[in-house]
Amino acid sequence: MKLRIKLLIAAAAFFLVAGCGSTKQSPDQLSNLKLATTFNWLLGQWEAKAGETNFYESWNILDDSTLKAFSFMLKGNDTLFSENITLAYRMGKIEYIPLFPGEKPEDAVRFVLIDSTQHVFVFENKSHDFPQRIVYKAISQDSVLAWIEGNEKGKFRKEEFKLARK
């Protein structure tokens with residue numbers, strides 16, 4: 001009898017986790033789950049290559065409501081940019097918070113999760129100059145398509161990053 005109950009609980013937990021990104025869920029529904037469980041597919045080392053330019057992201061769990069990442073872009077031996085990213089459930093919402101070297105945490109731009117559908121997670125800050133949206137789409141266990149988009153000087157711009165698990 002105890003084994004049957006354990007199996008039922010395990011099955012329920014599996015379907016809860018497996019369903020997190022597979023159907024449309026409001027940000028409120030996602031925030032009720034542990035953030036680390038919802039975004040566990042993002043954990044690990046990722047790389048995107050485009051000609052001489054390489055982009056890297058490395059995601060880790062800080063706690064059940066916070067994930068941390070370090071990302072950077074190289075062209076040859078030159079670092080084009082780097083940032084620390086916090087993905088966190090705070091004050092009733094999920095936020096994506098990039099922080100650049102020398103930037104104070106209180107000055108960081110915050111992007112709020114506004115939608116999640118079919119393994120696509122959309123973070124938005126309409127008041128930011130560029131980008132206004134940051135999007136992650138889980139393609140497979142070892143592939144993620146990420147992009148930034150928005151209007152810059154009156155023109156729409158979009159940059160894609162096809163990330164592969166390292």
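Contact here means heavy atoms within 4.5 Å. The model shown in these views is predicted.

**View 1**
Leaving aside neighbours within four places in sequence, Val109 and Phe111 are in contact with histidine 128. Histidine 128 belongs to the loop that runs between β7 (120-124) and β8 (133-140). Its relative accessibility is 19%, so histidine 128 counts as buried, the cut-off being under 20%. Two backbone oxygens are to be found beside the side chain of histidine 128. The backbone oxygen of proline 131 is reached by that side chain at 2.8 Å. The backbone oxygen of phenylalanine 130 lies 3.1 Å from a polar atom of the histidine 128 side chain.

**View 2. Strands β1 and β2 with the hairpin between them.**
Strand β1 covers residues 44-50 and strand β2 covers residues 53-63. These two strands run antiparallel and are joined by seven bridges. Two of the facing residues can be picked out in this view. Alanine 48 of this pairing has phenylalanine 55 in β2 opposite. Glycine 44 stands opposite tryptophan 59, again in β2. The hairpin of β1 and β2 has two residues between the strands. Within that hairpin, glycine 51 takes a positive phi near 65°.

**View 3. Tryptophan 46 in strand β1.**
With a relative accessibility of 1%, tryptophan 46 counts as buried, because buried means under 20% relative accessible area. A polar atom of the tryptophan 46 side chain lies 2.8 Å from the backbone oxygen of leucine 42. β1 also pairs with strand β10 (residues 155-165), in the antiparallel sense and over two bridges. In this pairing, arginine 165 of β10 stands opposite tryptophan 46. Lysine 166 is 120 residues from tryptophan 46 in sequence, yet their C-alpha atoms are 5.5 Å apart in space.

**View 4. Strands β2 and β3, joined by a hairpin.**
Strand β3 takes in residues 66-75. It runs antiparallel to β2, and 10 bridges join the two strands. The hairpin passes from β2 to β3 through two residues. Tryptophan 59 faces alanine 69 in β3.

**View 5. The largest cavity and its lining.**
The count comes to one cavity of 30 Å³ or more. The space in the largest cavity is about 30 Å³. Its lining is made up of Phe39, Trp41, Leu42, Trp59, Leu87, Tyr96, Phe123 and Tyr136. By class, eight of the lining residues are nonpolar, none is polar and none is charged.

Note on methods:
Residues numbered from 1 in each chain as written. Predicted model: local features only at pLDDT ≥ 70, side-chain atom pairs only at ≥ 80, totals over all residues. Heavy atoms only, no water. Helix = DSSP H or I, 4+ residues; strand = E, 2+ residues; numbered from the N terminus. Buried < 20%, exposed > 50% of the residue type's maximum accessible area, 1.4 Å probe, protein only. Polar contact = N/O pair within 3.5 Å; in protein donor to acceptor, adjacent residues only side chain to side chain. Pairing = 2+ DSSP bridges. 1 Å grid on protein atoms, 1.4 Å probe; cavity = no way out; pocket = protein on both sides within 12 Å on 5 of 7 lines; lining within 4 Å. Points joined across faces, edges and corners; volume = space filled by probe spheres on them. Nonpolar A, V, L, I, M, F, W, Y, C, P; charged D, E, K, R; others polar.
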